[in-house]
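Good morning, and thank you for coming.

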Amino acid sequence: MTKTDHEKALVVFSGGLDSAVALFWAKKRYKTVETISFDYGQKHALELECAAVLAEKAEVSHRTVKSAISVETGLTARNQQVTDARSAFVPGRNLLFLVLSAQVAYVEGFKAVVTGFGAIEPGALGYPDTRPERVGPFCSALDLGINEEATVEYRHPFASYTKAQVVREAAALDCLDELQWTHTCFKGQYPPCGTCPACKLRADGFYWVGRQDPLLDPNNERSKKGPFLLKKGQKRGPTSKKSG
Ligand SMILES: [Zn+2]
């Protein structure tokens with residue numbers, strides 16, 4: 001595996017477990033890695049805080065881009081609860097993020113856009129706009145619409161992985177401990193609720209690999225910070241400082 005000077009990757013970064021592991025996957029392969037997160041009005045701003053903090057820990061430059069979503073769902077509406085994967089589904093959200101990332105990649109000369117899409121479990125979350133067989137054609141359309149020379153590659157390294165395989169990959173990349181800075185819980189809680197579908201799926205992943213989730217370790221570094229990771233007034237926006 002070689003890294004070359006001109007190879008620059010942009011990681012679509014939610015602050016969740018899969019995209020966090022994708023970040024460390026990209027760091028192994030690309031000379032320069034940056035992360036991009038999207039503030040689409042999600043109730044759980046904690047995931048954006050996690051993204052900003054984890055990018056800093058990983059010593060990569062990070063930006064948060066404001067992005068409008070034209071409908072209200074359990075993830076954005078204050079009067080709607082997230083009770084299952086369906087109520088957490090924001091139609092087309094990840095496709096929109098790919099478009100916005102492709103714009104940045106084109107304008108700023110990124111070689112690759114990397115996502116953590118995948119982690120498919122039978123009967124589990126499996127949002128259609130992260131399924132590899134559907135995202136692939138969409139990325140081809142992006143090339144046609146934005147960049148006919150197809151100089152940007154779209155990488156989804158965990159496209160066919162289960163959650164356990166993503167956790168195993170994290171262990172192989174030696175970034176398990178950093179996963180304490182990720183956010184998964186549908187209820188937006190820290191410590192996580194442990195009972196929502198997202199928490200359960202994550203727990204299953206660690207269980208099958210036989211590793212403890214560092215997020216749940218009461219003695220982890222994060223637990224000393226409390227539920228809020230950023231200091232009052234600290235920006236997580238596009239002006240986030242460049243840390244690497
Ligand atoms: Zn939960």
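**Histidine 156 and its surroundings**

Leaving aside residues up to four places away in sequence, histidine 156 touches Thr115, Phe117, Gly118, Pro132 and Val135; two residues are in contact when their C-beta atoms, placed from the backbone, lie within 7 Å. This is a predicted model, in which local features need pLDDT of at least 70 and side-chain atom pairs count only at pLDDT 80 or more, while totals for chains, interfaces and linings use all residues. Residues are numbered from 1 along each chain as its sequence is written.

Is histidine 156 buried or exposed? Histidine 156 is buried, because 21 other C-beta atoms lie within 10 Å. A residue is buried with 20 or more other C-beta atoms within 10 Å of its own, exposed with 12 or fewer, and partly exposed in between, the C-beta atoms being placed from the backbone. Histidine 156 sits in the loop between β5 (153–155) and α5. From valine 135, histidine 156 is 21 residues away in sequence and 9.1 Å away in space, C-alpha to C-alpha.

Let me now turn to the fold. The protein has six helices and five strands, and its pattern along the sequence is β-α-β-α-β-α-β-α-β-α-α. Helices (H or I, at least four residues) and strands (E, at least two) are DSSP runs, numbered from the N terminus. Of the 244 residues, 37% count as buried.

Next, the core. The largest nonpolar core has 47 residues, of which Val11, Val21, Leu23, Ala26 and Val113 touch the most other members. Such a core is a set of buried Ala, Val, Leu, Ile, Met, Phe, Trp, Tyr and Cys residues joined through C-beta atoms within 7 Å. Among the elements that give two or more residues to this core are β1 (8–12), β2 (32–39) and α2 (46–57). The largest share, eight residues, comes from α1.

Finally, how do helices α3 and α4 pack? Helix α3 (residues 93–108) and helix α4 (residues 132–146) meet at an angle of about 40°, with their axes 11 Å apart. That angle makes α3 oblique to α4, as angles under 35 degrees count as roughly parallel, over 145 as roughly antiparallel, 65 to 115 as roughly perpendicular and the rest as oblique. Axes are lines fitted to C-alpha atoms, for helices over the stretch in contact, and angles run from 0 to 180 degrees between N-to-C directions. The contact is made by Leu95, Leu98, Val99, Ala102 and Tyr106 of α3 and Phe138, Cys139, Leu142 and Ile146 of α4.
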